[in-house]
Amino acid sequence: MAAEGGYQCNRADDGNWSGGRVGRGNLAGTKYGISAGLMALVMGSVLSVNASVMQRLTAAQARGIATERFWQVMECSVLPAGVDIMLFDFGFNSTPDRAVRQLQATVGVQFPDGTMGPDTRFKLVHAKPADIAPSISHEYAEQLQAWLGVPPDGHIGPRTLQAAVEQQAHNAMLIYALASW
């Protein structure tokens with residue numbers, strides 16, 4: 001939330017309009033990463049969100065909205081440390097559905113549906129480094145390799161996979177895979 005900053009209101013930004021698109025609803029702004037459109041969902045009315053409502057939003061209220069609409073929806077509290085924060089950040093900056101679908105694709109859920117259910121949680125725990133590796137971008141593969149102490153070439157091959165297994169880097173690989181999107 002600190003990175004998202006305080007109140008701002010840019011007429012050309014969809015997130016600043018209570019209807020979720022430029023020119024729809026009221027030009028209300030964003031604060032702490034909470035868009036006017038999200039605030040309209042929270043309040044139950046596009047027209048009730050205006051600049052004054054957004055300017056009065058407190059950090060505690062924003063945290064409550066983020067917890068309810070992102071953390072809890074994606075069931076981050078049951079995820080491994082690090083993966084929880086990464087998925088939350090991904091979902092907060094895109095949508096929970098998109099973030100969970102990417103996680104599901106990364107761990108091999110056959111039919112990604114954007115819902116954190118038992119199949120997703122099972123696959124999350126049992127995905128092998130070789131299954132996760134294709135979801136990691138070249139840039140993040142290099143960072144992962146440096147972290148593992150493997151010469152960083154951006155290609156996750158047998159040497160990187162062996163280091164990941166030996167160092168039990170399953171969760172780190174998931175974090176780098178989510179960062180890649």
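Reader: How many disulfides does a search of the whole structure find?

Author: The search finds 0 disulfides, a disulfide being a pair of cysteine sulfur atoms within 2.5 Å. This is a predicted model, where local features need pLDDT of at least 70, side-chain atom pairs count only at pLDDT 80 or more, and totals for chains, interfaces and linings use all residues. Residues are numbered from 1 along each chain as its sequence is written, and side-chain values use heavy atoms, with hydrogens and water left out.

Reader: And Cys76, buried or exposed?

Author: Cys76 has a relative accessible area of 0%, so it is buried. Buried means under 20% relative accessible area, exposed over 50%, and partly exposed in between (1.4 Å probe, protein chains only).

Reader: What about Cys9?

Author: Cys9 counts as partly exposed because its relative accessibility is 38%.

Reader: Switching to helices. At what angle do helix 1 and helix 3 cross?

Author: The axes of helix 1 (residues 36-43) and helix 3 (residues 59-71) cross at roughly 85 degrees and come within 12 Å. Helices are DSSP runs (H or I, at least four residues), numbered from the N terminus. Axes are lines fitted to C-alpha atoms over the stretch in contact, and angles run from 0 to 180 degrees between N-to-C directions.

Reader: What does that make them?

Author: Helix 1 is therefore roughly perpendicular to helix 3; that class covers 65 to 115 degrees, with under 35 roughly parallel, over 145 roughly antiparallel and the rest oblique.

Reader: Which residues make the contact?

Author: Helix 1 gives Leu38, Met39, Leu41 and Val42, and helix 3 gives Ile65, Arg69 and Phe70. Contact means heavy atoms within 4.5 Å.

Reader: How do helix 5 and helix 6 pack?

Author: Helix 5 (residues 96-107) and helix 6 (residues 118-126) have axes 9 Å apart, at an angle of about 50 degrees. They are therefore oblique to each other. Leu103, Gln104 and Val107 of helix 5 meet Thr120, Lys123 and Leu124 of helix 6.

Reader: Which residues of helix 4 are buried?

Author: In helix 4 (residues 83-93), the buried residues are Val83, Asp84, Met86, Leu87, Phe90, Gly91 and Phe92. Their cover includes helix 3, helix 5, helix 6 and helix 10 (170-179).

Reader: Last one: what does Ile175 touch?

Author: Leaving out residues up to four places away in sequence, Ile175 touches Gly82, Val83 and Met86. Ile175 is found in helix 10 and is partly exposed, with a relative accessible area of 25%.

Methods:
Helices (H or I, at least four residues) and strands (E, at least two) are DSSP runs, numbered from the N terminus.
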